[in-house]
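Please look over the sequence and the structure before reading on.

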Amino acid sequence: MTDFERALVNSFNQFFKEEDINGIAHRKKQHRFSSQLCDVLVDSQHEMFYLAIENKSVKTSSTNKLYFSQHFSNSKEGHQVERISDFVDRSGRAGFLAVELKRGRGRARKAYMVPWNAVREAYEKGETGLHIDDIQEYPEILRDSEDYSVAEMCMEMKI
């Protein structure tokens with residue numbers, strides 16, 4: 001589990017605890033050489049917290065785009081966008097792409113929550129990926145020191 005995945009799971013679980021909401025965020029253990037459906041699953045009896053979240057981290061110093069060919073996997077089961085889209089459709093979960101922007105030494109990381117439909121639409125249109133500027137138009141996952149917090153985003157029902 002990456003630090004970003006762990007931080008996102010912890011942030012959702014902390015939010016649920018603080019707001020006394022029945023819900024849990026978790027990540028299934030990934031076995032070597034096997035693909036997983038997505039990075040983070042959020043389960044709750046509340047429909048708005050029944051989520052599938054794929055996480056990506058990007059160094060903004062080396063790219064201005066999250067590329068479908070470079071940042072997503074491709075296997076005999078198909079492209080990662082196609083596999084996650086199928087999972088979201090069949091599970092009934094709301095899908096999201098959480099993107100962490102690593103902005104270089106001395107600059108705090110930022111993260112954004114992109115609705116999966118925007119990812120799917122760009123992929124199906126044949127675009128090469130999502131531009132960093134476009135990603136930054138989506139709701140920000142706020143950061144407090146080293147920890148992310150989904151509280152404000154969830155309270156405003158932006159997810």
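## Charged side chains

In counting charges, Lys and Arg are taken as positive and Asp and Glu as negative, while His and the chain ends are not counted. The protein has 23 positive and 26 negative side chains. The centres of these two sets lie 8 Å apart.

## Model and confidence

The model is predicted. The average pLDDT of the protein is 89, and 93% of the residues score at least 70. Among the elements, helix 3 (residues 116–124) has the highest mean pLDDT, 97, and helix 5 (residues 151–155) has the lowest, 81.

## Overall form

The secondary structure consists of five helices and 11 strands. Along the principal axes, the C-alpha atoms fill a box of roughly 40 × 40 × 30 Å. The radius of gyration is 15 Å, which agrees with the value near 15 Å for a compact globule of 159 residues.

Of the contacts with a separation of 6 or more, 58% join residues 24 or more positions apart.

## Surface and burial

The accessible surface comes to about 9,300 Å², and carbon and sulfur atoms account for 44% of that area. Of the 159 residues, 43% count as buried.

## Residue E100

E100 is part of strand 7 (residues 94–102). E100 counts as buried because its relative accessible area is 3%, and the cut-off for buried is under 20%.

Leaving aside neighbours within four places in sequence, the contacts of E100 include F4, K56, R109, K110 and R143. K110 is 10 residues from E100 along the chain, and their C-alpha atoms are separated by 5.7 Å.

Definitions and conventions: Residues numbered from 1 in each chain as written. Predicted model: local features only at pLDDT ≥ 70, side-chain atom pairs only at ≥ 80, totals over all residues. Heavy atoms only, no water. pLDDT = per-residue confidence, 0-100. Helix = DSSP H or I, 4+ residues; strand = E, 2+ residues; numbered from the N terminus. Rg over C-alpha atoms; globule rule 2.2 N^0.38 Å. Buried < 20%, exposed > 50% of the residue type's maximum accessible area, 1.4 Å probe, protein only. Contact = heavy atoms within 4.5 Å. Areas by Shrake-Rupley, 256 points an atom, 1.4 Å probe, with all protein chains shown as cover. Charge placed at Lys NZ, Arg CZ, Asp CG, Glu CD.
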